[in-house]
Amino acid sequence: MTRRRSILIGMGLGAVWSVAALAAGSLLSARPLPEAMAIGLLPGGVVLLALIMRLAARRFFDDGIIDGAPFTAPLDRITQRVLSNTAEQLILAATIWPFVGWVLGGGHVVALGTAFGFSRLAFWVGYLRSPSLRAFGFAGGFYATILALIVAILHAVI
């Protein structure tokens with residue numbers, strides 16, 4: 001299978017995952033927005049913590065990088081890229097999910113956050129195995145946020 005085909009399949013599965021995550025939000029009980037945000041952002045925060053801890057441990061136990069030198073091992077560089085992308089997506093989520101929760105209900109934020117945490121783990125594991133396998137994990141988190149924003153805007157306007 002070519003890399004592009006593998007990426008397209010991952011993107012398609014991520015899109016399906018995103019629709020399922022948004023639909024699951026309708027099934028969850030209503031929660032006040034502050035509570036929903038706290039619960040929704042937690043899974044991504046835990047993955048972010050795991051990434052930071054992994055890189056911090058590598059630095060501590062490697063004399064070549066303990067003083068802040070760039071990571072040289074391929075797996076460490078991948079983990080650093082996953083960390084950067086996860087931080088970027090968490091910032092995006094933190095700026096969009098409050099609106100989504102306000103318009104669609106807090107259950108949607110909880111569902112988005114749960115799906116996001118699993119997506120980020122899939123992104124990390126997929127990237128470590130083969131860069132083309134990261135597509136599902138990326139799409140599963142990113143597309144869900146974008147889809148939720150579009151649905152919330154439509155719901156607020158219509």
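Me: In which helix is Thr114 found?
Reply: Thr114 is found in helix H4. A helix here is a DSSP run of H or I with at least four residues, a strand is a run of E with at least two, and numbering starts from the N terminus. This is a predicted model: local features need pLDDT of at least 70, side-chain atom pairs count only at pLDDT 80 or more, and totals for chains, interfaces and linings use all residues.

Me: Why is Thr114 called partly exposed?
Reply: Its relative accessible area is 36%. Buried means under 20%, exposed means over 50%, and partly exposed is in between (1.4 Å probe, protein chains only), so Thr114 falls in the middle class.

Me: How far apart are Thr114 and Leu42, in sequence and in space?
Reply: They are 72 residues apart in sequence, and their C-alpha atoms are 8.4 Å apart.

Me: Why is His108 called buried?
Reply: His108 has a relative accessible area of 9%, which is under the limit for buried, so the label applies. His108 is in helix H4 (residues 106-129).

Me: What makes the pairing of His108 and Ser26 a polar contact?
Reply: Their side chains come to 3.3 Å. A polar contact is a pair of N or O atoms within 3.5 Å; within protein, one must be able to donate a hydrogen and the other to accept it, and residues adjacent in sequence count only if both atoms are side-chain atoms. The value is inside the cut-off, so the pair is listed as a polar contact. Residues touched by His108 are Leu22, Gly25, Ser26 and Val100, not counting residues up to four places away in sequence; contact means heavy atoms within 4.5 Å.

Me: How do you know that Glu35 and Arg31 meet in a salt bridge?
Reply: The N to O distance between their side chains is 2.4 Å. A salt bridge is a side-chain nitrogen of Lys or Arg within 4 Å of a carboxyl oxygen of Asp or Glu, so this pair qualifies. Glu35, at 34%, and Arg31, at 33%, are both partly exposed. The structure holds four salt bridges.

Me: Why is the pair Asp76 and Arg54 called a salt bridge?
Reply: The N to O distance is 4.0 Å, which is at the cut-off, so the pair is counted. The pair links distant parts of the chain, with Asp76 in helix H3 (residues 74-104) and Arg54 in helix H2 (residues 33-60), 22 residues apart. Asp76 is buried at 2%, whereas Arg54 is partly exposed at 36%.

Me: Which residues are linked in a network of salt bridges?
Reply: The network holds Arg54, Arg58, Asp62 and Asp76. One of its bridges is that of Arg58 with Asp62, where the closest N and O atoms are 3.5 Å apart. Asp62 is partly exposed, with 25% relative accessibility. Apart from residues up to four places away in sequence, Asp76 touches Arg54, Leu55, Arg58 and Phe71.

Me: What makes a group of residues a nonpolar core?
Reply: The term covers buried Ala, Val, Leu, Ile, Met, Phe, Trp, Tyr and Cys residues joined through side-chain atoms within 4.5 Å. The largest such core has 29 residues, of which Leu51, Val82, Trp97, Val100, Leu104 and Leu112 touch the most other members. Elements giving two or more residues are H2, H3, H4 and helix H5 (135-157), and the largest share, 10 residues, comes from H3. Leaving aside neighbours within four places in sequence, Leu51 is in contact with Thr79, Val82, Leu83, Thr86 and Trp124.

Me: How many helices and strands does the protein chain have?
Reply: The chain has five helices and zero strands. Of its 158 residues, 38% count as buried.

Methods. Residues numbered from 1 in each chain as written. Heavy atoms only, no water.
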